[in-house]
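Please look over the sequence and the model shown here before reading on. The report that follows goes through selected parts in turn.

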Amino acid sequence: MMKGECNCGQVSFEIGDTVSDVYICHCSICRRSSGTNGMAVIVIENEHFRWLGNRSLIHTWRKPRHDWENSFCSQCGSSLPGKNDDERMYIPVGLISDGAEQLKVAHHIWVDSKAPWDHISDKGKQHPEAFSGP
């Protein structure tokens with residue numbers, strides 16, 4: 001079981017599944033959302049995710065004309081887990097406080113869209129666009 005929380009600890013969650021693969025998205029939307037070279041996430045089935053803590057602090061922004069949304073804690077501003085598609089959620093790996101030992105970068109997605117200053121130096125497989133996994 002993995003557990004995670006935002007910076008202020010008011011919004012927390014648990015994951016009831018074994019996960020190891022980290023995806024780093026390098027698209028411009030994820031770069032702007034994170035303020036860095038992209039967003040590192042794990043992707044899990046909705047049924048393996050459970051919110052804990054104060055859900056009333058969760059706010060969501062949807063990018064107009066895109067099927068992309070970003071949830072965040074309204075108290076501390078931390079990015080929070082969100083909808084990947086109808087069956088799965090993404091969880092920013094920086095939120096995981098318990099159980100992160102088995103995580104490893106396995107995939108870089110939207111590499112053709114990465115920032116010119118971003119140099120990928122790990123062994124994760126690079127995909128020019130999206131990759132939804134096995």
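## Terms and model

Buried means under 20% relative accessible area, exposed means over 50%, and partly exposed lies in between (1.4 Å probe, protein chains only). By this scale glycine 9, at 29% relative accessibility, counts as partly exposed.

The model is predicted, so local features need pLDDT of at least 70 and side-chain atom pairs count only at pLDDT 80 or more, while totals for chains, interfaces and linings use all residues. Residues are numbered from 1 along each chain as its sequence is written, and side-chain values use heavy atoms, with hydrogens and water left out.

Helices (H or I, at least four residues) and strands (E, at least two) are DSSP runs, numbered from the N terminus. Two strands pair if DSSP finds at least two bridges between them. Strands of a sheet pair through backbone hydrogen bonds, either parallel or antiparallel.

Four strands form an open sheet in the order E5-E2-E1-E11, and the pairing is antiparallel. Strand E5 (49-53) and strand E11 (96-98) stand at the edges with a single partner strand each, so one side of each has no neighbour in the sheet. From one strand to the next, the twist averages 30 degrees. Angles here run from 0 to 180 degrees between N-to-C directions, and the axes are lines fitted to C-alpha atoms, for helices over the stretch in contact. Strand E1 (residues 2-5) pairs with E11 in the antiparallel sense over two bridges. Lysine 3 stands opposite aspartate 98 in E11.

## Loops beside the strands

Glycine 9 lies in the loop between E1 and E2. Its C-alpha atom is separated by 9.9 Å from that of leucine 95, although the two residues are 86 residues apart along the chain.

Glycine 94 lies in the loop between strand E10 (88-92) and E11. Glycine 94 is exposed, with a relative accessible area of 77%. Between glycine 94 and valine 41 the C-alpha to C-alpha distance is 8.2 Å, and the two are 53 residues apart in sequence.

## Salt bridges

How many salt bridges does the structure hold? There are five. A salt bridge is a side-chain nitrogen of Lys or Arg within 4 Å of a carboxyl oxygen of Asp or Glu. Side chains of opposite charge can pair when their charged atoms come close.

One of the salt bridges joins the side chains of arginine 50 and glutamate 14 (2.6 Å, N to O). Arginine 50 is in strand E5 and glutamate 14 in strand E2 (residues 11-15), so the pair ties together parts that are 36 residues apart in sequence. Arginine 50 counts as partly exposed at 45% relative accessibility, whereas glutamate 14 counts as buried at 12%. Another salt bridge is formed by the side chains of lysine 104 and aspartate 21 (2.8 Å, N to O). Lysine 104 belongs to strand E12 and aspartate 21 to strand E3 (residues 21-25), so this pair ties together parts that are 83 residues apart in sequence. Lysine 104 counts as partly exposed at 45% relative accessibility, and aspartate 21 counts as partly exposed at 23%. The side chains of lysine 83 and aspartate 86 also meet in a salt bridge (3.4 Å, N to O). Lysine 83 counts as partly exposed at 37% relative accessibility, while aspartate 86 is exposed at 60%.

## Two buried charged residues

Lys and Arg count as positive and Asp and Glu as negative, while His and the chain ends are not counted. Aspartate 118 sits in the loop between strand E12 (104-109) and strand E13 (125-126). Aspartate 118 is buried but has no salt bridge, and the nearest side chain of opposite charge, lysine 114, is 5.7 Å away. What does the side chain of aspartate 118 make a polar contact with? The partner is the side chain of asparagine 37, at 3.3 Å. A polar contact is a pair of N or O atoms within 3.5 Å; within protein, one must be able to donate a hydrogen and the other to accept it, and residues adjacent in sequence count only if both atoms are side-chain atoms.

Arginine 31 lies in helix H1 (residues 28-34). Arginine 31 is also buried without a salt bridge, and the nearest side chain of opposite charge, aspartate 118, is 6.8 Å away. The side chain of arginine 31 reaches the backbone oxygen of serine 113 at 2.6 Å.
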